[in-house]
Protein chains: 2
Amino acid sequence: MSLAPPTRKPTLAAIARLTGVSAPTVSKVVNGRGDVAEGTRAKVLAALEEAGYESPAHRRNSDGPQTVEVAFDSVTSNYSSALLDGILEGAAEAGAEIVVGISGSSRGPGADLDRKARRMVDEGRAGLIVVTSAFTPSHLAAFRRRRLPVVVVDPLNPPPAGVVSVGATNWSGGRAAAEHLLDLGHERIAYLGGPESAECNQARLHGYLSALMSRGISVEAGYVIHGRFRAESGISGLTALLALEKAPTAIFAGSDAIAVGVLREARHRGIRVPEDLSLVGFDGTALAEDSVPALTSVAQPLQDMGRIALRTLLRQSRGEQLDSHRVELATQLVVRESTAPLS
Amino acid sequence: MSLAPPTRKPTLAAIARLTGVSAPTVSKVVNGRGDVAEGTRAKVLAALEEAGYESPAHRRNSDGPQTVEVAFDSVTSNYSSALLDGILEGAAEAGAEIVVGISGSSRGPGADLDRKARRMVDEGRAGLIVVTSAFTPSHLAAFRRRRLPVVVVDPLNPPPAGVVSVGATNWSGGRAAAEHLLDLGHERIAYLGGPESAECNQARLHGYLSALMSRGISVEAGYVIHGRFRAESGISGLTALLALEKAPTAIFAGSDAIAVGVLREARHRGIRVPEDLSLVGFDGTALAEDSVPALTSVAQPLQDMGRIALRTLLRQSRGEQLDSHRVELATQLVVRESTAPLS
DNA sequence: CTGAAAGCGCTTACAG
DNA sequence: CTGAAAGCGCTTACAG
């Protein structure tokens, strides 16, 4: 039985003694080296956590404000801007700082990822917010090994179990959009979505499908088209829909950007919105309000999503237990000028 | 005669060898301890400087990538997004990192500023990019004292001598906009600008004035109105212009956002653009392309401006001499649908 | 995959 | 004031 030692900052050697492994092995775990048996790693990680060990890299960065890294796929969209605005707001409240980067979507995840995680530890990042990008098990491994918290906003794929994600009620939003069109008498309603595998896209699509099904309406062949969350996909999507034998009378677009593309192509072809074609967007950014006609759109609380993503990340970084691994904020259908009763 | 040693970072021990004192003594000098003879201290300091020794404290901020801080007044505009995109592009090229913040425009500059500069030094920032904000002599003092380089993009006021600024050829752009309208036969041309004191606004205004003057056309009273670079200023501006005895037949707006406001208010009032009113914007963001009718606008190369601001800052931070304290990139008038001959 | 041994750069305590 | 010696916390190279 030993007296509690004067509480000093635990050293690497102390952790070694505690776990019964050597100092070099602890060093390897701390620095995320690969050549450590999983069992050993787990044991050491637990002791590290328990004792509150801080690596030199961590230590030297932890005296200033916390720094959170944000990886966007692109920064030039109203969606990204609104989200960034919310993240910055949250950071200002928490006294944290934001480093912005573009996720190099060109390269596949690999050794690069490991380097990125290592760099982030070296620079003392509190964690990473990933926006509209894929988050794979190999990401998870690289970040978890180094105890870097991650929050994913609107992930492009279902993130591995245990990864926190923030989004909106995409399914209800999709359902609300379709119901609005159904209520206006439309039955030939198409869906022009983003990347097929994107989780938010899937949810919007299935919300739409469920609304149609519950009214006993089946979706025509060719009425569901996937692309990217960009105006170009709206242009090509409308073009494809008009080539169908039975063109739709209404379109639900998976994002405002897509809807703007539809609008542009419709104008180009002399199709009047909403007289000839009703159109609903998704996101509720300034784009929806500014376009002509103003877009009926399912609004996401993007600023709040950004703020909450930041706060959730910091909470994880402080080691707090989270209530949930998925935060979903309410969407709201905002009716403007781009939808009208079927004539 | 010894061969040049492989250039590694000089260690404390190396400095000791160089000066002929012991390592502990060098350590004392580096850490500013008092118990060192003045002569010894001087000798060691000189060697430290000469060899470019970096203390662990210093090193912790300088071994990673360079970090540049960017202060926006707001991040939710196409203007800011495009600029940020360029800045990030430049940072990726240079291996630098970007910390984004919103400049707290609410508080006046004071002791706060000094704190900010001090914090930036503590965190080892390479410098600061200021976007569309005021940069005053007291900023200059706070940053110069700490040898922190600063680059101002589209400053709201003429920055103090010696501060580097990046912008576009606003005067020529303003002149080009007005000449385009004059060429279409318009003579009653109003200017709806941003903040009166903003340098870029002044340049655009005077470009416009010079075009009118050189055709011997005088500007009606009330035809020049200042506001903010926001849609609201377009709405209020058009309202004010329509209340004049002689309403203009064409408007040159100081930004696309202002022009979009004009467009919205015009539509609201049943005024057709360009049939009843010709309209030219400024910036050439996605806003201009997406609005209906698509805006004739003076395009600024915002991405390039961002990239160049970043590169210029890093060059300063490396101590390179700059050729010029003002970098100006070319603007270009892009004619779209919002302008037509005077009928 | 593990750890004894050697080593790194720096600091401390203290004898002179 | 100075520096030989011991020590700190951590990492590296490498034998097993």
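These legends describe close-up views of a predicted model.

**Figure 1. Chain A and its domains.** Chain A contains 13 helices and 12 strands. Its C-alpha atoms occupy a box of roughly 85 × 35 × 35 Å along the principal axes. The domain assignment divides the chain into domain 1 (12-53), domain 2 (65-168 + 302-328) and domain 3 (170-301). Between the C-alpha centres of domain 1 of chain A and domain 3 of chain A the distance is 53 Å. Of the 343 residues in chain A, 47% are buried. Among contacts in chain A with a separation of 6 or more, 75% join residues 24 or more positions apart.

**Figure 2. The surface near DNA strand C.** There are 17 residues around DNA strand C, and A:S22, A:A37, B:L12, B:P24 and B:S27 come nearest. Three helices each supply at least two residues of this surface: α2 (23-30) of chain A, and α1 (12-19) and α2 (23-30) of chain B. The most comes from α2(B), which gives four residues. By class, the surface near DNA strand C holds 10 nonpolar, six polar and one charged residues.

**Figure 3. The surface near DNA strand D.** Around DNA strand D there are 17 residues, of which A:L12, A:P24, A:S27, B:S22 and B:A37 come nearest. Here α1 (12-19) and α2 of chain A, together with α2 of chain B, each contribute at least two residues. The largest share, four residues, belongs to α2(A). The surface near DNA strand D divides into 10 nonpolar, six polar and one charged residues.

**Figure 4. Contacts between chain B and chain A.** In this view, 20 residues of chain B are in contact with 20 residues of chain A. On the side of chain B that touches chain A, α5 (78-94) and β2 (97-102) of chain B each supply at least two residues. The residues on that side of chain B comprise 10 nonpolar, four polar and six charged.

**Figure 5. The largest nonpolar core and B:I87.** The largest nonpolar core has 95 residues. Those with the most contacts inside the core are A:I87, A:I129, A:V153, B:I87, B:I129 and B:V153. In soluble globular proteins, nonpolar side chains tend to be buried together. Apart from neighbours within four places in sequence, B:I87 is in contact with B:V70, B:I98, B:I129, B:G306, B:R307, B:A309 and B:L310.

**Figure 6. Helix α11 of chain A.** Helix α11(A) runs over residues 256-268 and has 13 residues. From its first C-alpha to its last it reaches 18 Å, close to the 18 Å expected at 1.5 Å a residue. The helix is mostly covered, with 11 of its 13 residues buried. The buried residues are A:D256, A:A257, A:I258, A:A259, A:V260, A:G261, A:V262, A:L263, A:R264, A:E265 and A:A266.

**Figure 7. The loop holding A:R230.** A:R230 lies in the loop between β7 (224-226) and α10 (231-242) of chain A. A:R230 counts as partly exposed because 17 other C-beta atoms lie within 10 Å. Leaving aside neighbours within four places in sequence, A:R230 is in contact with A:A257 and A:I258, both of which are buried residues of α11(A). A:E289 is 59 residues from A:R230 along the chain, and their C-alpha atoms are separated by 17 Å.

Figure 8. A:T132 is not a glycine, yet has a positive phi of about 45°. The residue sits in the loop between β3 (127-131) and α7 (137-145) of chain A. A:T132 has 23 C-beta neighbours inside 10 Å and therefore counts as buried. In chain B, phi of B:T132 is likewise positive, near 45°. B:T132 is placed in the loop between β3 (127-131) and α7 (137-145) of chain B. B:T132 counts as buried because 23 C-beta neighbours are inside 10 Å.

**Figure 9. Cis peptide bonds in chain B.** Most residues other than glycine have a negative phi, and most peptide bonds are trans. B:V273 and B:P274 are joined by a cis peptide bond with omega of about 10°. B:P274 lies in the loop between α11 (256-269) and β9 (278-283) of chain B. Another cis peptide bond joins B:V292 and B:P293, with omega of about -5°. B:P293 is in the loop between α12 (286-290) and β10 (296-299) of chain B.

Conventions: Residues numbered from 1 in each chain as written. Chains lettered and ligands numbered in written order. Predicted model: local features only at pLDDT ≥ 70, side-chain atom pairs only at ≥ 80, totals over all residues. Near = placed C-beta within 6 Å. Nonpolar A, V, L, I, M, F, W, Y, C, P; charged D, E, K, R; others polar. Domains from an automatic or database assignment. Core = buried A, V, L, I, M, F, W, Y, C linked by C-beta atoms within 7 Å. Buried ≥ 20, exposed ≤ 12 C-beta atoms within 10 Å, placed from the backbone. Contact = placed C-beta atoms within 7 Å. Expected span 1.5 Å × (residues − 1).
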